[in-house]
Amino acid sequence: MSRFTSELVDELAEKLLIGLSPEENKMVLDEFAIIDENLQKVEDIENIKNVEPMTHCLDDFTFSLREDVVTPSIPIKDALKNCEKIEGREVEVPKVVGGEN
Amino acid sequence: MDKTIEELHELLTNNFVTSKELVEEALKKSYEVNKKYNAFVTILDEAKETPVSENLLSGIPFGIKDNYSTKDILSTGSSNTLKNYVPFFNATAVEKLLNVGAIPVNKTVLDEFGMGGTGTTGHTGVVKNPWDSTRMTAGSSAGSACAVAAGVYPYALGSDTGDSIRKPAAYCGIVGYKPTYGMVSRFGLFPFASSLDTCGVLTRSVKDAAIVIDNMKGLDKLDMTSWDSSHIHLYQSIDGKVENKKLCYIKELCSIENYENPTEELKMHLENFKEKIKLCEKLGMKVEEISIDQKLLDALPSVYVAISCAEATSNMSNLTGIIFGPRGEGKNVTEMMMDHRTKGFSPLIKRRFVIGSYILQKENQERYLKNAQRVRRLLVDTWKNLFKTYDAIILPVGSGPAKHLDASKDLLTKDTKVLEEHLQIGNFGGFPSITIPDGFINDLPVALNITGNCYDDENVLNIAYALESAMPYKNQIAKEISHE
(Lines give C-alpha, C1' and ligand atoms only; values in the text may rest on other atoms or scores of the structure.)
Protein backbone atom coordinates (compact mmCIF):
# COMPACT_ATOMS: atom_id res chain seq x y z
CA MET A 1 0.00 0.00 0.00
CA SER A 2 3.00 2.20 0.55
CA ARG A 3 3.26 5.52 -1.26
CA PHE A 4 6.93 5.22 -0.59
CA THR A 5 8.30 5.39 -4.10
CA SER A 6 11.71 5.87 -5.65
CA GLU A 7 10.77 9.45 -6.55
CA LEU A 8 9.69 10.18 -2.99
CA VAL A 9 12.95 8.76 -1.66
CA ASP A 10 14.88 11.17 -3.87
CA GLU A 11 12.64 14.04 -2.83
CA LEU A 12 13.21 13.33 0.88
CA ALA A 13 16.95 12.94 0.31
CA GLU A 14 17.01 16.31 -1.44
CA LYS A 15 15.31 17.93 1.56
CA LEU A 16 17.82 16.27 3.87
CA LEU A 17 20.62 17.64 1.68
CA ILE A 18 21.99 14.21 0.87
CA GLY A 19 22.48 12.72 -2.54
CA LEU A 20 21.60 9.06 -3.11
CA SER A 21 22.91 6.72 -5.77
CA PRO A 22 20.35 4.46 -7.52
CA GLU A 23 21.64 1.57 -5.37
CA GLU A 24 21.18 3.57 -2.18
CA ASN A 25 17.70 4.56 -3.29
CA LYS A 26 16.80 0.90 -3.75
CA MET A 27 18.26 0.01 -0.33
CA VAL A 28 15.96 2.57 1.28
CA LEU A 29 12.93 1.16 -0.52
CA ASP A 30 13.78 -2.42 0.45
CA GLU A 31 14.36 -1.59 4.11
CA PHE A 32 11.24 0.51 4.31
CA ALA A 33 9.13 -2.27 2.81
CA ILE A 34 9.99 -4.47 5.81
CA ILE A 35 9.21 -1.69 8.29
CA ASP A 36 5.94 -0.97 6.54
CA GLU A 37 4.95 -4.65 6.60
CA ASN A 38 5.78 -5.00 10.30
CA LEU A 39 4.08 -1.81 11.37
CA GLN A 40 1.01 -2.85 9.35
CA LYS A 41 0.77 -5.80 11.77
CA VAL A 42 0.86 -3.34 14.66
CA GLU A 43 -2.45 -1.93 13.43
CA ASP A 44 -3.96 -5.34 14.21
CA ILE A 45 -3.04 -5.16 17.89
CA GLU A 46 -6.22 -4.76 19.88
CA ASN A 47 -6.89 -1.26 21.17
CA ILE A 48 -3.51 -0.05 19.92
CA LYS A 49 -4.94 3.41 19.27
CA ASN A 50 -5.81 3.75 22.96
CA VAL A 51 -2.19 3.35 24.00
CA GLU A 52 -0.36 6.54 24.88
CA PRO A 53 2.77 6.82 22.68
CA MET A 54 5.94 6.46 24.77
CA THR A 55 8.48 9.14 23.95
CA HIS A 56 10.74 8.84 26.99
CA CYS A 57 11.86 5.81 28.95
CA LEU A 58 11.63 7.09 32.52
CA ASP A 59 7.94 7.56 33.30
CA ASP A 60 8.68 9.01 36.74
CA PHE A 61 11.02 11.55 35.26
CA THR A 62 10.76 15.01 36.78
CA PHE A 63 12.69 18.13 36.02
CA SER A 64 12.76 21.66 37.24
CA LEU A 65 13.55 24.72 35.22
CA ARG A 66 16.89 26.29 36.01
CA GLU A 67 17.10 29.83 37.28
CA ASP A 68 17.77 32.15 34.39
CA VAL A 69 21.31 33.04 35.36
CA VAL A 70 23.85 34.47 32.95
CA THR A 71 26.93 32.24 32.84
CA PRO A 72 30.10 32.67 30.81
CA SER A 73 29.70 31.45 27.23
CA ILE A 74 32.42 29.75 25.27
CA PRO A 75 35.24 31.88 23.90
CA ILE A 76 34.73 32.75 20.23
CA LYS A 77 38.19 31.35 19.52
CA ASP A 78 37.02 27.92 20.73
CA ALA A 79 33.73 28.13 18.87
CA LEU A 80 35.56 28.76 15.60
CA LYS A 81 38.29 26.22 16.21
CA ASN A 82 36.72 23.53 14.05
CA CYS A 83 35.55 25.83 11.27
CA GLU A 84 37.58 25.51 8.08
CA LYS A 85 36.92 29.05 6.85
CA ILE A 86 36.78 32.01 9.16
CA GLU A 87 37.37 35.70 8.85
CA GLY A 88 38.26 37.40 12.10
CA ARG A 89 35.60 36.30 14.53
CA GLU A 90 33.11 35.16 11.89
CA VAL A 91 32.32 32.06 9.84
CA GLU A 92 32.98 32.64 6.17
CA VAL A 93 30.39 31.39 3.65
CA PRO A 94 29.45 32.36 0.10
CA LYS A 95 27.11 35.31 -0.12
CA VAL A 96 23.55 34.18 0.66
CA VAL A 97 21.57 37.37 0.04
CA GLY A 98 21.34 39.98 -2.66
CA GLY A 99 22.59 37.99 -5.64
CA GLU A 100 22.27 34.82 -7.65
CA ASN A 101 23.94 32.83 -4.93
CA MET B 1 46.84 -5.15 31.37
CA ASP B 2 45.23 -8.59 31.42
CA LYS B 3 44.24 -8.14 35.05
CA THR B 4 41.12 -6.79 36.72
CA ILE B 5 40.93 -3.22 38.03
CA GLU B 6 41.16 -4.45 41.64
CA GLU B 7 44.29 -6.48 40.83
CA LEU B 8 45.94 -3.61 38.97
CA HIS B 9 45.15 -1.22 41.82
CA GLU B 10 46.77 -3.57 44.30
CA LEU B 11 49.86 -3.91 42.12
CA LEU B 12 50.07 -0.12 41.82
CA THR B 13 49.63 0.59 45.52
CA ASN B 14 52.20 -2.06 46.44
CA ASN B 15 54.66 -0.65 43.90
CA PHE B 16 54.89 -3.88 41.92
CA VAL B 17 54.11 -1.85 38.83
CA THR B 18 53.97 1.86 38.06
CA SER B 19 51.29 3.85 36.27
CA LYS B 20 53.94 4.79 33.70
CA GLU B 21 54.61 1.12 32.94
CA LEU B 22 50.88 0.44 32.53
CA VAL B 23 50.53 3.34 30.10
CA GLU B 24 53.52 2.14 28.09
CA GLU B 25 52.14 -1.38 27.97
CA ALA B 26 48.68 -0.18 26.94
CA LEU B 27 50.12 1.99 24.15
CA LYS B 28 52.34 -0.82 22.87
CA LYS B 29 49.39 -3.19 22.91
CA SER B 30 47.21 -0.57 21.19
CA TYR B 31 49.53 -0.56 18.17
CA GLU B 32 49.60 -4.37 18.03
CA VAL B 33 45.83 -4.62 18.27
CA ASN B 34 45.25 -1.86 15.75
CA LYS B 35 47.47 -3.57 13.22
CA LYS B 36 45.61 -6.85 13.59
CA TYR B 37 42.02 -5.77 14.22
CA ASN B 38 41.72 -2.04 13.36
CA ALA B 39 40.14 -1.09 16.69
CA PHE B 40 41.24 2.55 17.06
CA VAL B 41 40.68 5.87 15.37
CA THR B 42 43.41 7.54 17.45
CA ILE B 43 46.16 6.22 19.72
CA LEU B 44 47.16 8.82 22.30
CA ASP B 45 50.96 8.62 22.26
CA GLU B 46 51.18 11.56 24.64
CA ALA B 47 49.23 9.72 27.39
CA LYS B 48 50.95 10.22 30.73
CA GLU B 49 50.93 8.39 34.06
CA THR B 50 48.88 9.79 36.94
CA PRO B 51 49.41 9.61 40.71
CA VAL B 52 47.89 6.54 42.35
CA SER B 53 45.27 7.44 44.93
CA GLU B 54 42.68 5.47 46.88
CA ASN B 55 40.46 5.55 43.82
CA LEU B 56 40.56 2.16 42.09
CA LEU B 57 40.79 3.74 38.63
CA SER B 58 43.72 6.02 39.37
CA GLY B 59 46.84 5.34 37.35
CA ILE B 60 45.09 2.81 35.09
CA PRO B 61 44.68 3.21 31.30
CA PHE B 62 41.34 2.92 29.51
CA GLY B 63 39.76 3.46 26.09
CA ILE B 64 37.10 5.92 24.94
CA LYS B 65 34.60 5.25 22.17
CA ASP B 66 35.09 7.91 19.52
CA ASN B 67 31.59 9.35 19.94
CA TYR B 68 32.54 10.82 23.33
CA SER B 69 33.81 14.39 23.10
CA THR B 70 37.40 14.62 24.32
CA LYS B 71 39.04 18.00 24.79
CA ASP B 72 41.84 18.68 22.28
CA ILE B 73 41.62 15.10 21.05
CA LEU B 74 40.18 14.13 17.67
CA SER B 75 36.58 12.90 18.12
CA THR B 76 35.10 11.65 14.87
CA GLY B 77 32.07 9.49 15.67
CA SER B 78 33.79 7.25 13.08
CA SER B 79 32.28 9.49 10.40
CA ASN B 80 33.87 11.32 7.50
CA THR B 81 31.60 14.25 8.37
CA LEU B 82 33.66 14.81 11.54
CA LYS B 83 36.98 13.36 10.43
CA ASN B 84 38.85 16.49 11.54
CA TYR B 85 36.71 17.52 14.54
CA VAL B 86 38.56 18.35 17.77
CA PRO B 87 36.24 19.27 20.66
CA PHE B 88 37.18 22.04 23.09
CA PHE B 89 35.45 20.28 26.00
CA ASN B 90 35.20 16.84 27.57
CA ALA B 91 32.05 14.75 27.84
CA THR B 92 30.97 14.76 31.50
CA ALA B 93 31.58 11.00 31.82
CA VAL B 94 35.12 11.42 30.49
CA GLU B 95 35.78 14.44 32.70
CA LYS B 96 34.72 12.47 35.78
CA LEU B 97 37.13 9.66 34.95
CA LEU B 98 39.98 12.09 34.31
CA ASN B 99 39.26 13.73 37.66
CA VAL B 100 39.94 10.45 39.49
CA GLY B 101 43.18 9.84 37.62
CA ALA B 102 42.07 7.41 34.92
CA ILE B 103 44.25 7.60 31.79
CA PRO B 104 42.76 7.50 28.27
CA VAL B 105 45.16 5.85 25.82
CA ASN B 106 43.05 5.61 22.68
CA LYS B 107 39.77 6.47 20.95
CA THR B 108 37.95 3.42 19.66
CA VAL B 109 36.21 2.77 16.35
CA LEU B 110 32.42 2.54 16.22
CA ASP B 111 29.79 2.03 13.58
CA GLU B 112 29.27 5.51 12.16
CA PHE B 113 27.63 7.62 14.92
CA GLY B 114 26.60 4.39 16.66
CA MET B 115 24.06 3.63 13.94
CA GLY B 116 24.99 0.06 13.16
CA GLY B 117 25.50 -3.31 14.75
CA THR B 118 28.37 -4.83 12.84
CA GLY B 119 31.53 -2.82 13.52
CA THR B 120 31.98 -2.51 9.76
CA THR B 121 30.78 1.02 8.96
CA GLY B 122 33.33 3.24 10.69
CA HIS B 123 35.20 5.66 8.40
CA THR B 124 38.53 4.01 9.28
CA GLY B 125 37.35 0.57 8.20
CA VAL B 126 36.16 -2.75 9.56
CA VAL B 127 36.92 -3.83 13.15
CA LYS B 128 37.80 -7.51 13.38
CA ASN B 129 36.98 -9.91 16.18
CA PRO B 130 40.06 -10.79 18.27
CA TRP B 131 38.82 -14.38 18.73
CA ASP B 132 38.57 -14.86 14.97
CA SER B 133 39.56 -12.10 12.59
CA THR B 134 37.24 -13.44 9.89
CA ARG B 135 34.30 -12.55 12.12
CA MET B 136 32.66 -9.30 13.17
CA THR B 137 32.82 -7.80 16.64
CA ALA B 138 29.24 -6.55 16.32
CA GLY B 139 28.67 -2.91 17.14
CA SER B 140 28.46 -0.17 17.53
CA SER B 141 31.05 -0.19 20.37
CA ALA B 142 33.23 -2.40 18.18
CA GLY B 143 36.71 -1.05 18.91
CA SER B 144 36.02 -0.86 22.65
CA ALA B 145 34.90 -4.51 22.74
CA CYS B 146 37.84 -5.64 20.63
CA ALA B 147 40.40 -3.77 22.73
CA VAL B 148 39.11 -4.93 26.11
CA ALA B 149 38.88 -8.54 24.87
CA ALA B 150 42.41 -8.32 23.46
CA GLY B 151 43.78 -7.13 26.81
CA VAL B 152 44.78 -3.57 25.90
CA TYR B 153 43.29 -2.33 29.20
CA PRO B 154 40.62 -3.49 31.66
CA TYR B 155 37.84 -1.23 30.39
CA ALA B 156 36.65 1.02 27.60
CA LEU B 157 33.68 3.36 27.36
CA GLY B 158 30.77 2.43 25.15
CA SER B 159 27.36 3.82 24.33
CA ASP B 160 24.20 1.80 23.86
CA THR B 161 21.13 2.88 21.87
CA GLY B 162 19.83 -0.59 20.87
CA ASP B 163 22.41 -3.09 22.08
CA SER B 164 25.64 -1.32 21.11
CA ILE B 165 27.49 -2.24 24.29
CA ARG B 166 25.87 -5.56 25.08
CA LYS B 167 26.06 -7.25 21.66
CA PRO B 168 29.75 -6.56 20.93
CA ALA B 169 30.56 -7.61 24.49
CA ALA B 170 28.84 -10.93 23.75
CA TYR B 171 30.69 -11.48 20.46
CA CYS B 172 34.02 -10.65 22.10
CA GLY B 173 33.58 -12.75 25.26
CA ILE B 174 33.53 -9.87 27.74
CA VAL B 175 31.11 -7.95 29.97
CA GLY B 176 28.94 -5.11 28.62
CA TYR B 177 26.90 -3.00 31.03
CA LYS B 178 24.25 -0.45 30.11
CA PRO B 179 23.10 1.26 33.31
CA THR B 180 19.62 2.69 33.86
CA TYR B 181 18.93 5.55 31.42
CA GLY B 182 20.21 8.86 32.78
CA MET B 183 22.45 7.36 35.47
CA VAL B 184 25.46 8.55 33.47
CA SER B 185 25.29 12.00 31.90
CA ARG B 186 25.06 12.07 28.11
CA PHE B 187 26.57 15.54 27.88
CA GLY B 188 29.30 15.38 25.27
CA LEU B 189 28.18 12.05 23.82
CA PHE B 190 27.35 12.54 20.14
CA PRO B 191 23.57 12.05 20.07
CA PHE B 192 22.04 9.27 17.98
CA ALA B 193 18.53 8.70 19.41
CA SER B 194 18.22 10.76 22.55
CA SER B 195 15.37 8.84 24.19
CA LEU B 196 17.40 5.61 23.94
CA ASP B 197 21.08 6.66 24.15
CA THR B 198 22.89 5.44 27.26
CA CYS B 199 26.53 5.73 28.31
CA GLY B 200 28.07 2.55 29.67
CA VAL B 201 31.14 0.40 29.79
CA LEU B 202 32.80 -2.74 28.46
CA THR B 203 34.96 -4.71 30.90
CA ARG B 204 36.11 -8.26 31.56
CA SER B 205 34.34 -8.65 34.90
CA VAL B 206 31.12 -7.53 36.56
CA LYS B 207 32.95 -5.90 39.45
CA ASP B 208 35.05 -3.86 37.02
CA ALA B 209 31.85 -2.65 35.35
CA ALA B 210 30.51 -1.60 38.75
CA ILE B 211 33.72 0.25 39.62
CA VAL B 212 33.77 2.20 36.36
CA ILE B 213 30.10 3.22 36.40
CA ASP B 214 30.37 4.25 40.07
CA ASN B 215 32.93 6.78 38.84
CA MET B 216 31.05 7.88 35.71
CA LYS B 217 27.54 8.32 37.11
CA GLY B 218 25.90 11.29 38.75
CA LEU B 219 23.52 14.19 38.31
CA ASP B 220 24.78 16.63 35.72
CA LYS B 221 23.28 20.06 35.19
CA LEU B 222 24.37 19.79 31.57
CA ASP B 223 22.09 16.78 30.97
CA MET B 224 18.52 17.37 32.11
CA THR B 225 17.76 13.62 31.83
CA SER B 226 20.44 12.68 34.36
CA TRP B 227 19.31 11.89 37.90
CA ASP B 228 20.82 11.76 41.37
CA SER B 229 22.23 8.29 42.00
CA SER B 230 24.34 9.19 45.02
CA HIS B 231 22.46 6.55 47.06
CA ILE B 232 23.57 3.81 44.64
CA HIS B 233 26.93 2.16 45.31
CA LEU B 234 27.37 -0.52 42.70
CA TYR B 235 30.76 -1.89 43.69
CA GLN B 236 30.06 -1.94 47.41
CA SER B 237 26.68 -3.56 46.94
CA ILE B 238 28.00 -6.63 45.14
CA ASP B 239 27.94 -9.55 47.57
CA GLY B 240 26.95 -12.48 45.37
CA LYS B 241 23.97 -13.34 47.55
CA VAL B 242 21.21 -14.36 45.17
CA GLU B 243 19.31 -17.02 47.08
CA ASN B 244 15.56 -16.82 46.44
CA LYS B 245 15.97 -14.25 43.67
CA LYS B 246 13.37 -14.84 40.98
CA LEU B 247 14.27 -14.78 37.30
CA CYS B 248 12.28 -15.48 34.17
CA TYR B 249 13.07 -16.21 30.54
CA ILE B 250 10.84 -15.91 27.48
CA LYS B 251 9.64 -19.12 25.91
CA GLU B 252 9.16 -17.60 22.44
CA LEU B 253 12.85 -16.68 22.31
CA CYS B 254 14.44 -19.61 24.10
CA SER B 255 12.60 -22.68 22.76
CA ILE B 256 14.29 -24.33 19.83
CA GLU B 257 10.84 -25.50 18.64
CA ASN B 258 10.05 -21.87 17.77
CA TYR B 259 12.68 -21.81 15.03
CA GLU B 260 12.26 -23.35 11.61
CA ASN B 261 15.43 -25.06 10.45
CA PRO B 262 17.61 -23.87 13.33
CA THR B 263 21.36 -23.83 12.73
CA GLU B 264 23.62 -26.06 14.78
CA GLU B 265 25.03 -22.91 16.41
CA LEU B 266 21.57 -21.78 17.49
CA LYS B 267 20.80 -25.22 18.92
CA MET B 268 24.04 -25.24 20.89
CA HIS B 269 23.53 -21.65 22.04
CA LEU B 270 20.06 -22.35 23.41
CA GLU B 271 21.14 -25.66 24.98
CA ASN B 272 24.01 -23.85 26.66
CA PHE B 273 21.55 -21.20 27.89
CA LYS B 274 19.32 -23.88 29.41
CA GLU B 275 22.34 -25.25 31.27
CA LYS B 276 22.94 -21.78 32.71
CA ILE B 277 19.32 -21.68 33.86
CA LYS B 278 20.07 -24.84 35.81
CA LEU B 279 23.14 -23.12 37.21
CA CYS B 280 20.96 -20.23 38.40
CA GLU B 281 18.76 -22.75 40.19
CA LYS B 282 21.82 -24.38 41.72
CA LEU B 283 22.77 -20.96 43.08
CA GLY B 284 19.41 -20.78 44.85
CA MET B 285 17.50 -18.64 42.37
CA LYS B 286 14.07 -19.55 41.09
CA VAL B 287 13.72 -19.42 37.32
CA GLU B 288 10.44 -19.59 35.44
CA GLU B 289 9.53 -19.72 31.77
CA ILE B 290 7.01 -17.09 30.73
CA SER B 291 5.24 -16.31 27.48
CA ILE B 292 4.98 -13.00 25.60
CA ASP B 293 2.59 -12.06 22.79
CA GLN B 294 4.47 -13.04 19.63
CA LYS B 295 2.89 -10.13 17.75
CA LEU B 296 4.53 -7.66 20.12
CA LEU B 297 7.88 -9.38 19.83
CA ASP B 298 7.69 -9.51 16.04
CA ALA B 299 7.10 -5.76 15.87
CA LEU B 300 10.22 -5.03 17.91
CA PRO B 301 12.92 -4.64 15.21
CA SER B 302 10.80 -2.29 13.07
CA VAL B 303 9.66 -0.29 16.09
CA TYR B 304 13.29 0.26 17.02
CA VAL B 305 14.25 1.34 13.50
CA ALA B 306 11.27 3.71 13.29
CA ILE B 307 11.98 5.43 16.61
CA SER B 308 15.75 5.55 16.30
CA CYS B 309 15.72 6.76 12.67
CA ALA B 310 13.24 9.53 13.46
CA GLU B 311 15.29 10.77 16.40
CA ALA B 312 18.59 10.45 14.52
CA THR B 313 17.36 12.41 11.51
CA SER B 314 16.57 15.31 13.77
CA ASN B 315 19.73 15.03 15.89
CA MET B 316 22.12 14.98 12.97
CA SER B 317 20.75 17.90 11.01
CA ASN B 318 23.56 20.05 12.45
CA LEU B 319 26.18 18.14 10.47
CA THR B 320 26.59 20.59 7.62
CA GLY B 321 30.34 21.14 7.30
CA ILE B 322 29.84 24.87 7.75
CA ILE B 323 30.78 25.59 11.36
CA PHE B 324 32.63 22.32 11.93
CA GLY B 325 33.62 19.29 9.87
CA PRO B 326 35.26 19.36 6.45
CA ARG B 327 33.80 21.95 4.08
CA GLY B 328 31.89 20.65 1.09
CA GLU B 329 32.28 22.16 -2.35
CA GLY B 330 29.62 24.25 -4.06
CA LYS B 331 28.79 27.68 -5.27
CA ASN B 332 26.30 28.36 -2.49
CA VAL B 333 25.71 27.22 1.10
CA THR B 334 23.07 24.66 0.15
CA GLU B 335 25.33 23.01 -2.39
CA MET B 336 28.20 23.01 0.10
CA MET B 337 26.09 21.28 2.75
CA MET B 338 24.77 18.80 0.18
CA ASP B 339 28.29 17.93 -0.93
CA HIS B 340 29.48 17.57 2.67
CA ARG B 341 26.61 15.30 3.68
CA THR B 342 26.53 13.24 0.47
CA LYS B 343 30.26 12.47 0.61
CA GLY B 344 30.47 12.30 4.39
CA PHE B 345 27.71 9.88 5.38
CA SER B 346 27.87 6.17 4.63
CA PRO B 347 24.99 4.51 2.72
CA LEU B 348 23.61 3.00 5.94
CA ILE B 349 23.26 6.37 7.63
CA LYS B 350 21.75 7.98 4.55
CA ARG B 351 19.02 5.40 4.25
CA ARG B 352 18.18 5.71 7.92
CA PHE B 353 17.87 9.48 7.55
CA VAL B 354 15.48 9.13 4.63
CA ILE B 355 13.34 6.63 6.51
CA GLY B 356 13.42 8.86 9.60
CA SER B 357 12.44 11.87 7.56
CA TYR B 358 9.47 10.04 5.99
CA ILE B 359 8.29 8.85 9.37
CA LEU B 360 8.49 12.38 10.75
CA GLN B 361 6.30 13.85 7.99
CA LYS B 362 3.09 15.03 9.61
CA GLU B 363 0.87 12.79 7.48
CA ASN B 364 2.94 9.67 8.32
CA GLN B 365 3.55 10.21 12.03
CA GLU B 366 0.39 8.46 13.20
CA ARG B 367 0.95 5.28 11.21
CA TYR B 368 4.68 4.96 11.80
CA LEU B 369 6.15 6.99 14.64
CA LYS B 370 3.16 7.07 16.99
CA ASN B 371 2.37 3.39 16.43
CA ALA B 372 6.02 2.53 17.06
CA GLN B 373 5.92 4.56 20.27
CA ARG B 374 2.69 2.77 21.25
CA VAL B 375 4.33 -0.63 20.83
CA ARG B 376 7.29 0.70 22.80
CA ARG B 377 4.93 1.41 25.70
CA LEU B 378 3.23 -1.99 25.43
CA LEU B 379 6.58 -3.77 25.52
CA VAL B 380 7.88 -1.66 28.40
CA ASP B 381 4.63 -2.14 30.37
CA THR B 382 4.93 -5.90 29.79
CA TRP B 383 8.50 -5.88 31.10
CA LYS B 384 7.55 -3.69 34.08
CA ASN B 385 4.76 -6.11 34.95
CA LEU B 386 7.29 -8.93 34.91
CA PHE B 387 9.51 -6.95 37.28
CA LYS B 388 6.65 -6.95 39.80
CA THR B 389 7.12 -10.73 40.07
CA TYR B 390 10.72 -11.24 39.00
CA ASP B 391 13.99 -9.64 40.05
CA ALA B 392 15.33 -9.82 36.52
CA ILE B 393 14.85 -11.31 33.06
CA ILE B 394 17.56 -13.64 31.80
CA LEU B 395 17.94 -14.27 28.07
CA PRO B 396 20.52 -15.50 25.56
CA VAL B 397 22.26 -12.79 23.51
CA GLY B 398 21.87 -13.19 19.76
CA SER B 399 21.56 -16.48 17.93
CA GLY B 400 25.07 -17.76 18.58
CA PRO B 401 28.68 -16.59 18.36
CA ALA B 402 30.02 -13.73 16.20
CA LYS B 403 28.88 -13.70 12.59
CA HIS B 404 31.31 -13.94 9.70
CA LEU B 405 32.30 -10.58 8.26
CA ASP B 406 31.14 -11.58 4.82
CA ALA B 407 27.66 -12.51 6.09
CA SER B 408 25.34 -9.56 5.77
CA LYS B 409 23.12 -8.87 8.73
CA ASP B 410 20.16 -8.82 6.36
CA LEU B 411 20.75 -12.44 5.49
CA LEU B 412 19.72 -13.53 8.95
CA THR B 413 16.72 -15.77 8.80
CA LYS B 414 13.54 -13.93 9.61
CA ASP B 415 12.68 -16.06 12.63
CA THR B 416 15.89 -15.31 14.54
CA LYS B 417 15.44 -11.56 14.06
CA VAL B 418 13.77 -11.02 17.45
CA LEU B 419 16.38 -13.17 19.21
CA GLU B 420 19.03 -10.94 17.63
CA GLU B 421 17.30 -7.69 18.56
CA HIS B 422 15.53 -8.23 21.91
CA LEU B 423 18.10 -6.22 23.90
CA GLN B 424 16.53 -3.09 22.38
CA ILE B 425 13.71 -3.45 24.90
CA GLY B 426 16.27 -2.48 27.57
CA ASN B 427 16.63 0.87 25.78
CA PHE B 428 12.88 1.30 25.26
CA GLY B 429 12.39 1.12 29.04
CA GLY B 430 15.74 2.55 30.14
CA PHE B 431 16.36 -0.70 32.03
CA PRO B 432 19.75 -1.63 33.51
CA SER B 433 21.07 -4.49 31.44
CA ILE B 434 24.29 -6.48 31.47
CA THR B 435 25.76 -9.10 29.17
CA ILE B 436 28.23 -11.67 30.49
CA PRO B 437 29.98 -14.51 28.66
CA ASP B 438 28.29 -17.87 29.34
CA GLY B 439 30.13 -20.39 27.20
CA PHE B 440 31.80 -21.28 23.91
CA ILE B 441 30.54 -22.64 20.63
CA ASN B 442 33.23 -23.86 18.23
CA ASP B 443 35.83 -22.04 20.37
CA LEU B 444 33.97 -18.73 20.05
CA PRO B 445 32.33 -16.98 23.01
CA VAL B 446 28.56 -16.69 23.51
CA ALA B 447 26.72 -14.75 26.16
CA LEU B 448 23.62 -14.26 28.24
CA ASN B 449 21.96 -11.06 29.37
CA ILE B 450 20.37 -9.99 32.62
CA THR B 451 17.95 -7.05 32.61
CA GLY B 452 16.14 -5.56 35.60
CA ASN B 453 13.85 -2.68 36.43
CA CYS B 454 14.93 0.95 36.28
CA TYR B 455 17.14 2.07 39.18
CA ASP B 456 17.67 -1.58 40.20
CA ASP B 457 21.23 -1.68 38.86
CA GLU B 458 22.68 -3.04 42.10
CA ASN B 459 20.42 -6.07 41.92
CA VAL B 460 21.15 -6.69 38.22
CA LEU B 461 24.92 -6.52 38.75
CA ASN B 462 24.73 -8.75 41.80
CA ILE B 463 22.88 -11.49 39.90
CA ALA B 464 25.39 -11.17 37.06
CA TYR B 465 28.26 -11.35 39.54
CA ALA B 466 26.90 -14.50 41.19
CA LEU B 467 26.56 -16.20 37.81
CA GLU B 468 29.95 -14.98 36.61
CA SER B 469 31.55 -16.36 39.78
CA ALA B 470 30.04 -19.78 39.07
CA MET B 471 31.43 -19.90 35.50
CA PRO B 472 35.03 -19.96 34.24
CA TYR B 473 34.82 -16.94 31.88
CA LYS B 474 35.66 -14.05 34.17
CA ASN B 475 38.43 -11.75 32.94
CA GLN B 476 39.15 -13.87 29.88
CA ILE B 477 41.47 -12.55 27.17
CA ALA B 478 40.73 -13.42 23.52
CA LYS B 479 42.67 -16.34 22.10
CA GLU B 480 42.52 -16.18 18.33
CA ILE B 481 41.43 -19.45 16.77
CA SER B 482 43.44 -20.96 13.96
CA HIS B 483 41.96 -21.58 10.52
CA GLU B 484 44.73 -23.92 9.47
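Guide: Leaving out residues up to four places away in sequence, B:Ala210 touches B:Leu234, B:Tyr235, B:Ile238 and B:Leu461. Two residues are in contact if their C-beta atoms, placed from the backbone, lie within 7 Å. The model is predicted, so local features need pLDDT of at least 70 and side-chain atom pairs count only at pLDDT 80 or more, while totals for chains, interfaces and linings use all residues. Residues are numbered from 1 along each chain as its sequence is written, and chains are lettered from A and ligands numbered from 1 in the order in which they are written.

Visitor: Is B:Ala210 buried or exposed?
Guide: A residue is buried if 20 or more other C-beta atoms lie within 10 Å of its own, exposed if 12 or fewer, and partly exposed in between, with C-beta atoms placed from the backbone. B:Ala210 has 28 other C-beta atoms within 10 Å and is therefore buried.

Visitor: Which element holds B:Ala210?
Guide: Helices (H or I, at least four residues) and strands (E, at least two) are DSSP runs, numbered from the N terminus. B:Ala210 belongs to helix α6 of chain B.

Visitor: B:Asn462 lies in α16(B). How is the span of a helix checked?
Guide: The expected span is 1.5 Å times one less than the number of residues. Helix α16 (residues 457–469) of chain B has 13 residues and should span 18 Å; its end C-alpha atoms are 18 Å apart, which agrees.

Visitor: How many residues of α16(B) are buried?
Guide: 11 of the 13 are buried, so α16(B) is largely enclosed by the rest of the structure. Among them are B:Leu461, B:Asn462 and B:Ile463. The cover over the buried residues includes α6 (206–216), α7 (234–237) and α9 (264–282) of chain B, as well as strands such as β11 (392–396) of chain B.

Visitor: How do I read burial in a strand?
Guide: In a regular strand the side chains alternate between the two faces of the sheet. In strand β8 (residues 198–203) of chain B, 6 of its 6 residues are buried. B:Thr198, B:Gly200 and B:Leu202 lie on one side of β8(B), and B:Cys199, B:Val201 and B:Thr203 on the other, so that both faces are covered.

Visitor: Which strands pair with β8(B)?
Guide: Two strands pair if DSSP finds at least two bridges between them. Strand β6 (residues 155–160) of chain B pairs with β8(B) in the antiparallel sense over 6 bridges, with B:Gly158 opposite B:Gly200. Strand β7 (residues 175–178) of chain B is also antiparallel to β8(B), over 3 bridges, and B:Tyr177 stands opposite B:Val201.

Visitor: What is the pattern of chain A?
Guide: Along the sequence, chain A reads α-α-α-β-β. Buried residues make up 16% of its 101 residues. The mean pLDDT (the predictor's confidence in each residue, from 0 to 100) of chain A is 87.

Visitor: How many residues of chain A are in contact with chain B?
Guide: 43 residues of chain A are in contact with 51 residues of chain B. On the chain A side, the largest share, 11 residues, comes from α2(A).
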